[in-house]
Amino acid sequence: MILAHGDVIAVVDGSKFELFRNHGSETEPGLAPLPTPDLREDDKSAGARHHTSSANPTGHQLDEDAHAAAVTKWLNQQVLGHKIARLVVIAAPKTLGEMRRHYHNALRSNLIGELSLDLAGRGEQAALRAIKGA
């Protein structure tokens, strides 16, 4: 996958959200961390298809789904507000699946790639290696 200067990379899992911007070029990309926004994760209806059960006794999946929905809502707003023109999403597999349910059509149009990997918390170099390998 080739990153252009200014492309934004979102790295997400069920509880973490990191943002990076390519400050380099297509031939020499380099990721710089961006401030992580405050999110409202109170929309537990995002994961309403999950139910508390013996496999999910604490409703932890509802919390993870609400986080994915909140991240996606924020990304949608940034794309619609023309603050993100090109986006790469790297997310844990379950998180990516939940995020896709909430993508706005404009976000889909600006999405240049998705990687189903759990890299949250591993930093910009891990994200850059994954993108270069895609």
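Asn-22 is buried, with a relative accessible area of 1%; buried means under 20% relative accessible area, exposed over 50% and partly exposed in between, with a 1.4 Å probe and protein chains only. This is a predicted model, in which local features need pLDDT of at least 70 and side-chain atom pairs count only at pLDDT 80 or more, while totals for chains, interfaces and linings use all residues. Residues are numbered from 1 along each chain as its sequence is written, and side-chain values use heavy atoms, with hydrogens and water left out.

**Surroundings of Asn-22**

- Asn-22 belongs to strand 2 (residues 17-22); strands (E, at least two residues) and helices (H or I, at least four) are DSSP runs, numbered from the N terminus.
- The side chain of Asn-22 lies 3.0 Å from the backbone nitrogen of Gly-30.
- A polar atom of the Asn-22 side chain is also 3.5 Å from the backbone oxygen of Leu-3.
- Leaving aside neighbours within four places in sequence, Asn-22 is in contact (heavy atoms within 4.5 Å) with several residues, including His-5, Asp-7, Ile-9 and Pro-29.

**The chain as a whole**

- The protein chain has four helices and five strands, and from the N terminus these run β-β-β-α-β-α-α-β-α.
- Of the 134 residues in the protein chain, 48% are buried.
- Among contacts between residues at least 6 apart in sequence, 59% join residues at least 24 apart.
- The accessible surface of the protein chain, from the Shrake-Rupley method with a 1.4 Å probe, comes to about 7,100 Å², and carbon and sulfur atoms account for 50% of this surface.

- Strand 1 (residues 8-12) pairs with strand 4 in the parallel sense over five bridges; two strands pair if DSSP finds at least two bridges between them.
- Val-11 has Ile-90 of strand 4 as its bridge partner.
- Strand 4 also pairs with strand 5 (residues 111-116) in the parallel sense, over five bridges, and Val-89 stands opposite Glu-114 in strand 5.

**The two sides of helix 2**

- In helix 2 (residues 93-100), the buried residues are Thr-95, Leu-96, Glu-98 and Met-99.
- Seen down the axis of helix 2, these buried residues fall within an arc of 165°, so they line one face of the helix; the arc is that of the directions from the helix axis to the C-beta atoms.
- Pro-93 and Lys-94, on the other side of helix 2, are exposed.

Conventions. A polar contact is a pair of N or O atoms within 3.5 Å; within protein, one must be able to donate a hydrogen and the other to accept it, and residues adjacent in sequence count only if both atoms are side-chain atoms.
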